[in-house]
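Work through these exercises with the model open beside you. Each task is followed by a stepwise solution.

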Amino acid sequence: EKSTPKNISLTDPAAQWSAAWGPAFYAYSANYLIDIAAGIVVDVEATPAHKSDEINATKTMIERVEDRFDLKPDRLIGDTNYGTAEILGWMVDEKQIAPHIPVWDKSARSDGTFSRADFVFDRQRNVYACPGGAELASTGNIDQGHIVYYRANKNDCSACSLKPKCTTAPMRKVTRDINEDVRDSVRALAGTEAFQQSRRERKKVEMRFAHMKRILRLDRLRLRGLNGARDEVQLTATAQNLRRLVKLLGRGPPP
């Protein structure tokens, strides 16, 4: 990470970026779907370096492998970038895949005030209970296609002794994703031995990416554009698979 340089007097946004960070450049992500037991890359997809594109690539690869090879994983291992409510809900509800993925959650607060985790959700009544005992209700409206707001009563907040530790607004509100039940079930998986085993096995995936960058030198692309990135990533994955197959199938000379 870089800190933003101070006292930039350039008026052109492109010139400001160049002065701050250097010349702009395109970046791409190599997304692998790997069979952990064999260490084989079963599918690969190159995408622009955006989180939403990487999530969509996960769906594409899983469905493509199922169509081509009739293979579907029982569990999927990934980092927190794949722990969004959207992809977790898709894996659990549509694909019946156990997500061994840390849940993406940015609700924790660093200013010492109450976070969403301090509020208790009553699923049957569809309300939150705050640390002071008041209830936060929702109108049921869905914002941005997946967010539901729960708001406290203004009079309850005004009379609450915990308000300085809760909010500076007239009343407190918390958000809940429409797939929050799925997120809760995935959080429950994190305490299981199977989940911890998956976290250890994820090292095999990281080894493929380290080999890609350091040995095969794919830290910089030779071809331009997304199609060029796809070609290079597919060729790199093929080379890694051939190397792996030699180790799995190859035999030494006879004695």
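## Exercise 1: Asn31

Asn31 is found in strand E1; strands are DSSP runs of E of at least two residues, helices are runs of H or I of at least four, and both are numbered from the N terminus. This is a predicted model, in which local features need pLDDT of at least 70, side-chain atom pairs count only at pLDDT 80 or more, and totals for chains, interfaces and linings use all residues. Residues are numbered from 1 along each chain as its sequence is written, and side-chain values use heavy atoms, with hydrogens and water left out.

Task: Is Asn31 buried or exposed, and which side chain does Asn31 join in a polar contact?

Solution. 
- Step 1. Take the accessibility. Asn31 has a relative accessible area of 4%, so Asn31 is buried. The cut-offs are under 20% for buried, over 50% for exposed and in between for partly exposed, with a 1.4 Å probe and protein chains only.
- Step 2. Find the partner. The side chains of Asn31 and Tyr82 make a polar contact of 3.4 Å. Such a contact is a pair of N or O atoms within 3.5 Å; within protein, one must be able to donate a hydrogen and the other to accept it, and residues adjacent in sequence count only if both atoms are side-chain atoms.
- Step 3. List the neighbours. Not counting residues up to four places away in sequence, Asn31 touches Asp43, Val44, Glu45, Thr47, Glu54, Ala57, Met61 and Tyr82. Contact here means heavy atoms within 4.5 Å.

## Exercise 2: Helix H2

Task: Which residues of H2 are buried, and what covers them?

Solution. 
- Step 1. H2 spans residues 51–69, 19 residues in total. From first C-alpha to last, H2 reaches 27 Å, close to the 27 Å expected at 1.5 Å a residue. That expected span is 1.5 Å times one less than the number of residues.
- Step 2. Pick out the buried residues. They are Glu54, Ile55, Ala57, Thr58, Lys59, Met61, Ile62 and Val65.
- Step 3. An α-helix has 3.6 residues a turn, so residues three or four places apart point the same way.
- Step 4. Identify the cover. It includes strands E1 (28–35), E2 (40–48) and E3 (75–77), and helix H3 (85–94).

## Exercise 3: The pockets

Task: Which element gives the largest share of the lining of the largest pocket, and which gives the largest share for the second largest pocket?

Solution. 
- Step 1. On a 1 Å grid over the protein atoms alone, a pocket is an open set of points where a 1.4 Å probe fits, with protein on both sides within 12 Å along at least five of seven lines; lining residues have an atom within 4 Å of a point.
- Step 2. Size the largest pocket. Its volume is about 1500 Å³. Of its 48 lining residues, Ala30, Asn31, Tyr32, Tyr82 and Phe209 are closest to the centre. Volume is the space filled by probe spheres set on the points, with grid points joined across faces, edges and corners.
- Step 3. Assign its lining. E1 gives the largest share, eight residues.
- Step 4. Turn to the second largest pocket. Its volume is about 420 Å³. Of its 20 lining residues, Ala85, Trp104, His146, Asp177 and Arg183 are closest to the centre.
- Step 5. Assign that lining. H2 gives the largest share, four residues.
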